[in-house]
Amino acid sequence: MTDTMPHAPAPAPDEVMDDSAFVLAHGGDWNDVASEVARLQEERIVISMGPQHPSTHGVLRLVLELDGEYVKETRVGLGFLHTGIEKTMEARSWNQAVTMVSRCDYVASMCNELTYCLAVDKLLGITDQIPERAQIIRVLIAELARVSSHLVALGSLGNELGGTTLMTVTFRGREYILNFFEAVTGQRMNNAFIRPGGVAHDIPDEAIDQLIADWDKIMLSIDDLDDLLTENPIFRGRCEGVGVLDLSACMALGLTGPILRSTGYPYDLRKVAPYSGYENYEFDVCTEDSCDVMGRYLVRLHEMRQSMRIVAQALAKLRATPGPIMVPDLRIAMPGQVTVGPDGQGQAPDHVKHILSDSMEGLIHHFKLVTEGFHVPPGQVFAQTEHPKGVQGVLAVSDGGTHPYRVHVRDAAFNNLQSLAAQTEGGTISDVIVCVASVDPVMGGVDR
Amino acid sequence: MSDNQVQVTGGGAESAARTGTVIAQRHGAFGASGAGDVTGFGGFAEQVTMPGPSSRPYGGYFDEVVDSLTQALEAKAPTAIEKVVVDRGELTVYVRREDLVAVMMALRDEPALRFELSLGVTGVNYPLDKGRELHALYHLTSLTHGGRNIRVETTCPDADPHIPSTVSVYPANDWHEREAWDMFGIVFDGHPGLARILMPDDWVGHPQRKDYPLGGIGVQFKGATTPPVAERRRYF
């Protein structure tokens, strides 16, 4: 039956199931399952594997058909974390929708926000009006988010191979980055900081001081990871020659990001089609030519150092570039520069005084912008950025209203996860674990 | 930018044909209805259209791409291209659904085109675009030609929601087509296994269609009910 149908379009009907010899094991003792399989004289086992990767707890289903220790077929079940983000965005204003898109790939929230905001900027026709300082802040934040995302990816890879230390090492470094995000945006994750037209507010000086003070600790985390893994013979043994996907496979399956760069092809949108002023930064595109899990590990490792290089340049530029962080167009920019006041709340005293004491028109304008939002001229755009997982695209369609007509997030991990069957079939079950980690799936982005 | 502004009705269907697809019609102002119209705003009507077909030169590499594509399709599918829209620096080629696979083949294989990388398929539902309610959008990138981008758009009517599958050309579109089927109910003929991917297998309906309500269940607290988003007061 399976010869003619590569993918089952529907559950197997009862009459098919009744005739076949199978053991249905829901958890239970592995010995019982093994003895039952032995009784049936059947080497073929179908199992739902996991959870093993931090991303797979209840939200990614891997169905493996095994012949002994070898994987005959891999199927990936998605949708367990589908929260209807794209649909929900249609009921929110363009500005509010940032909050939704932030929750897609929640490990690199602000990279999603950047792609979405670039799409809205393009729809509004204000791409070249974004103030210089806002561009620098966007790059700074996106690169730190990239480091944080890669740290999680590599820590999880190490963790899966039995090295819990690696998880603690990488999460330690990530914590300093999240502390910086907290100092800037008030939240560790799901920040909703990058906004159409610029960013929500300026970076406080204390946050910069804090980042500089923590710099060495972040770098130490990357170096520790390098020291523990790169030359580790056990790690190399598990990763080299595993999950091989060459350039043609990447093109066929639409794979981008570290997986594509591990084939030696230096495709990085920050260089190919620079956005947000990436052309003004010096950095190298990291590639490897091994096409395997080890290559993807090395690409991510080296990319973190390059990202920190960009962050250092961005910090220098930030000091030299005072100025606004939002487009001057008052029909788009949220009024009032919100800062954290002595009470710990966001306040804009001058603006509050302006609208409550001085200007009736100011109050009306404020009310309209907050309740209704800004109008976006009709049309459709597709913005692309180099997300830590690969090419992220946001299709934004406007019908001239204040809410998105349709937003689609092309999440790189959605495509990359699709390659799991190609990576794992024919290999051993232990390789599946390494392959899943090398894809770096974050189901919030995959399922949206 | 003036081409993209909201069009206030005058010519009706005639102006729509000239400017592009009608995607929304609005009446009145401020969302007020039910009360007597003392302001005259109730008679206010506007029709929103997508950017219409562009004329040459399209600019940049767009002319070259469209020429190469037209040339490649001359023998196989001379009428494949419906219209070419260039808007906000992006090239969109509208293609008849019958010729979609031939167009994709040409885009992938022609040396002058070489769009090797498919960034997936997604749908958009335009209920007002009669006979073309469901649109499928394909975003392609050419690595050979330094990251050129093109969007291929094709449509199908709600009554006959069939579009040929492109998985044979771009295997990357496998899951994307499943998602577009799941969310919009577009049937991709020839797909190796068009099962739902995000919603449960036994789900009824296609959630991202415009007629599918959002948040159908009110949230109750202190005896009050928060209505679904679509039924709340809106400010436009």
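In what order do the three strands of the open sheet in chain A stand?

## The model

This is a predicted model, in which local features need pLDDT of at least 70 and side-chain atom pairs count only at pLDDT 80 or more, while totals for chains, interfaces and linings use all residues. Residues are numbered from 1 along each chain as its sequence is written, and chains are lettered from A and ligands numbered from 1 in the order in which they are written.

Chain A holds 19 helices and 10 strands, these being DSSP runs numbered from the N terminus (helices: H or I, at least four residues; strands: E, at least two). Of the 448 residues in chain A, 50% are buried, a residue being buried if 20 or more other C-beta atoms, placed from the backbone, lie within 10 Å of its own.

## The open sheet

The order is S1-S2-S3 in chain A, with antiparallel pairing; two strands pair if DSSP finds at least two bridges between them. Strands S1 (44–49) and S3 (70–77) of chain A stand at the edges with a single partner strand each, so one side of each is left without a neighbour in the sheet. From one strand to the next, the twist averages 20°.

S1(A) and strand S2 (residues 61–67) of chain A run antiparallel and are joined by six bridges, and Arg44(A) has Asp67(A) in S2(A) as its bridge partner. Helix H18 (residues 429–439) of chain A packs on this sheet, touching S1, S2 and S3 of chain A, and its direction makes about 155° with that of S2(A); angles run from 0 to 180 degrees between N-to-C directions, with axes fitted as lines to C-alpha atoms, for helices over the stretch in contact.

## Two helices in contact

Helix H14 (residues 349–358) and helix H15 (residues 360–371) of chain A have axes that come within 6 Å and cross at roughly 120°.

The contact is made by His354(A), Ile355(A) and Asp358(A) of H14(A) together with Gly362(A), Leu363(A) and His366(A) of H15(A), where contact requires C-beta atoms, placed from the backbone, to lie within 7 Å.

## Where chain A meets chain B

The contact between the chains takes 45 residues from chain A and 44 residues from chain B. Among the elements of chain A that each supply at least two residues of the side touching chain B are helix H5 (109–124) and strand S8 (379–387), while the largest share of that side, four residues, comes from S9(A).

Key:
A residue is buried if 20 or more other C-beta atoms lie within 10 Å of its own, exposed if 12 or fewer, and partly exposed in between; C-beta atoms are placed from the backbone. Two residues are in contact if their C-beta atoms, placed from the backbone, lie within 7 Å.
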